[in-house]
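Please look at the sequence and the structure below before reading on. The report then takes up a few local features.

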Amino acid sequence: MPGLAFDWAADFYDQTRGFPQTVPEKIRDAIVNYTRSGSNSRFLEMGVGTGRVALPFIRGCFDYTGVDLSQPMMAKLIEKLQADPAYASYRYRLLKADMMHLPLPDASFDVVLMVLVLHLVADWQQALREASRVVKKPGGWIIMGYDARAESEGQAETSASHLVNLQWDAILAELGVIRDKLQPGIGRSDSSQTSESIAKFLEAAGAKVETITLLEYDSLPLTPREMVQRHKQKMYSSDRLLPSDIHARAIQQLEDWLETACPDPDLARVSRVQFKAQAATWS
């Protein structure tokens with residue numbers, strides 16, 4: 001069984017997961033510097049989507065391969081690239097494929113990237129086996145990136161997504177649903193339990209694994225009302241996996257909370273975010 005295909009999200013994915021300007025390029029530079037990659041390094045992204053991570057690599061003329069289950073998501077990436085004057089010089093290819101069964105040869109990439117994707121995969125261990133198979137050894141890297149709230153004082157209170165999601169999770173729990181368990185994969189990337197499970201699995205395969213902070217940045221502004229609307233419109237995969245009756249009851253309660261108990265529901269909030277990664281390599 002493959003993971004979740006995001007065909008349904010292609011038209012709004014960038015709206016809900018997009019980075020502020022210049023952040024994608026800074027993430028690229030941080031990854032390139034950390035892995036000591038060069039112009040001849042070959043990159044693979046498992047779960048390339050609309051290209052929020054891939055675009056600056058491709059535009060920087062790196063050799064880049066992207067794999068995804070969703071052709072509509074990758075079509076959005078191609079649309080962005082084809083508008084570039086330098087398009088003819090880009091070195092990239094996109095494959096519609098299951099990351100648990102990559103149609104790619106062994107030891108063919110210097111860096112394998114996975115960003116917020118393992119929670120969507122039916123068998124995350126098999127996905128990591130495939131990543132380990134196609135990365136070069138020794139010296140290759142698997143970089144599993146994710147966003148995490150910065151530890152700075154007060155950041156949790158200023159984040160609209162955190163504020164709303166705390167309430168959303170509480171409402172769902174009262175209705176007998178644990179949101180993280182709706183996904184087919186391993187769980188939230190910023191969970192210590194998830195990180196520990198991934199590290200143990202890769203270390204058993206001979207890798208050295210460490211957690212690093214690649215970048216810290218300010219999020220795009222978002223109001224609690226906008227965040228509630230995203231849940232109402234099922235813009236997140238976990239919401240789409242909810243039974244319709246549970247979703248309807250939960251949204252009613254969330255909207256009631258927004259109007260009666262949420263502080264400043266129309267205040268646009270900017271939070272401090274860390275782009276972190278678990279980095280694995282073989283010496």
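The sections below cover the basis of the model, one aspartate and some backbone angles.

## Basis

This is a predicted model, in which local features need pLDDT of at least 70, side-chain atom pairs count only at pLDDT 80 or more, and totals for chains, interfaces and linings use all residues. Residues are numbered from 1 along each chain as its sequence is written, and side-chain values use heavy atoms, with hydrogens and water left out.

## Aspartate 84

Aspartate 84 sits in the loop between helix 4 (71-82) and strand 3 (92-96). Helices (H or I, at least four residues) and strands (E, at least two) are DSSP runs, numbered from the N terminus. With a relative accessible area of 15%, aspartate 84 is buried; buried means under 20% relative accessible area, exposed over 50%, and partly exposed in between (1.4 Å probe, protein chains only).

Not counting residues up to four places away in sequence, aspartate 84 touches Arg59 and Tyr90, where contact means heavy atoms within 4.5 Å.

## Backbone angles

Most residues other than glycine have a negative phi, and most peptide bonds are trans. Leucine 116 is not a glycine, yet has a positive phi of about 50 degrees. Leucine 116 is in the loop between strand 4 (111-115) and helix 5, and counts as partly exposed at 27% relative accessibility.

Aspartate 264 also has a positive phi of about 50 degrees and lies in the loop between helix 11 (244-260) and strand 7 (272-281).

Lysine 137 and proline 138 are joined by a cis peptide bond, with omega about -5 degrees. Proline 138 belongs to the loop between helix 5 (124-134) and strand 5 (141-149).
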